[in-house]
Amino acid sequence: NVDLNENLYDQVRIAYATPRQISIVTVSDGSRINMFPTDLHGPIGETVYAGSLRIGGLANDQVETYRRIDISTVEASSYRESYALGKNHIAELQAVEKFSIDPERSHVFDFPLPTGVVSYQELKHIDSLDYGIHRIHLYEVVHRKEVRHLVPTLGHIHQYYAQWRLDHGL
């Protein structure tokens, strides 16, 4: 983002020096859904998972309201569809037909999953805490499944480090 001041831009550049996995969150009220990408998430041991969302965003509100989510790892080739979902951080729940959906559905919650799902976890919200502009949500892992095997998954890294790696033959 070119609008970041120098110090904040340096912080972002450092934070994204290591590749981050981009996953897609699905939240549902039982008939309508929302899907949005996230890169601030990860396991805490075998049974707990954490994810961060901006306080005050619709995505955060939906997670707090419905308290169940699926988080899907997706194929690298689905990057266009995945990044296009970014706008949904500030979108209301919508009809399932508005989304590009994989034939696979989640086992326990029966949620639609994004096109190109490689694996997913079904998570039940158990707690949260605020840190700056972010709310860190803690979830109980209800179910995990690998849908596709040995498929490159979507991730990203800051362009500064990507170029450095290319320049150094990495």
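The legends below describe close-up views of a predicted model.

**View 1. The open sheet has eight strands.**
The order of the strands is E4-E5-E11-E10-E6-E2-E3-E7, and the pairing is antiparallel. Strand E4 (41-44) and strand E7 (94-95) stand at the edges; each has a single partner strand, so one side of each is left without a neighbour in the sheet. Helix H2 packs on this sheet, where H2 touches E2, E3, E5, E6, E10 and E11. The direction of H2 makes about 60° with that of E11.

**View 2. Strand E5 pairs with strand E11.**
Seven bridges join E5 (residues 48-54) to E11 (residues 134-146), and the two strands run in the antiparallel sense. Two of the residues of E5 can be followed across to their partners. Ala50 has Leu138 as its bridge partner in E11. For Arg54, the bridge partner in E11 is His134.

**View 3. Strands E10 and E11 form a hairpin.**
Strand E10 covers residues 117-131 and pairs with E11 in the antiparallel sense over twelve bridges. One of the residues to look for is Tyr120, whose bridge partner in E11 is Lys145. Two residues lie between the strands of the hairpin. In the turn, Gly132 has a positive phi of about 65°.

H2 spans residues 58-66, and its residues Ala59, Asn60, Gln62 and Val63 are buried. Just after the helix, Arg67 takes a positive phi of about 60°.

**View 4. Arg135 is a buried residue in strand E11.**
The relative accessible area of Arg135 is 15%, which is under the 20% limit, so Arg135 counts as buried. Its side chain makes a polar contact with the side chain of Asp130, at 2.5 Å. Leaving aside neighbours within four places in sequence, Arg135 is in contact with Gly51, Ser52, Leu53 and Ile55, among others. The contacts of Arg135 also include Asn60 and Glu64, and Asn60 is one of the buried residues of H2.

Terms used
Residues are numbered from 1 along each chain as its sequence is written. This is a predicted model: local features need pLDDT of at least 70, side-chain atom pairs count only at pLDDT 80 or more; totals for chains, interfaces and linings use all residues. Side-chain values use heavy atoms; hydrogens and water are left out. Two strands pair if DSSP finds at least two bridges between them. Helices (H or I, at least four residues) and strands (E, at least two) are DSSP runs, numbered from the N terminus. Buried means under 20% relative accessible area, exposed over 50%, partly exposed in between (1.4 Å probe, protein chains only). Contact means heavy atoms within 4.5 Å. Axes are lines fitted to C-alpha atoms, for helices over the stretch in contact, and angles run from 0 to 180 degrees between N-to-C directions. A polar contact is a pair of N or O atoms within 3.5 Å; within protein, one must be able to donate a hydrogen and the other to accept it, and residues adjacent in sequence count only if both atoms are side-chain atoms.
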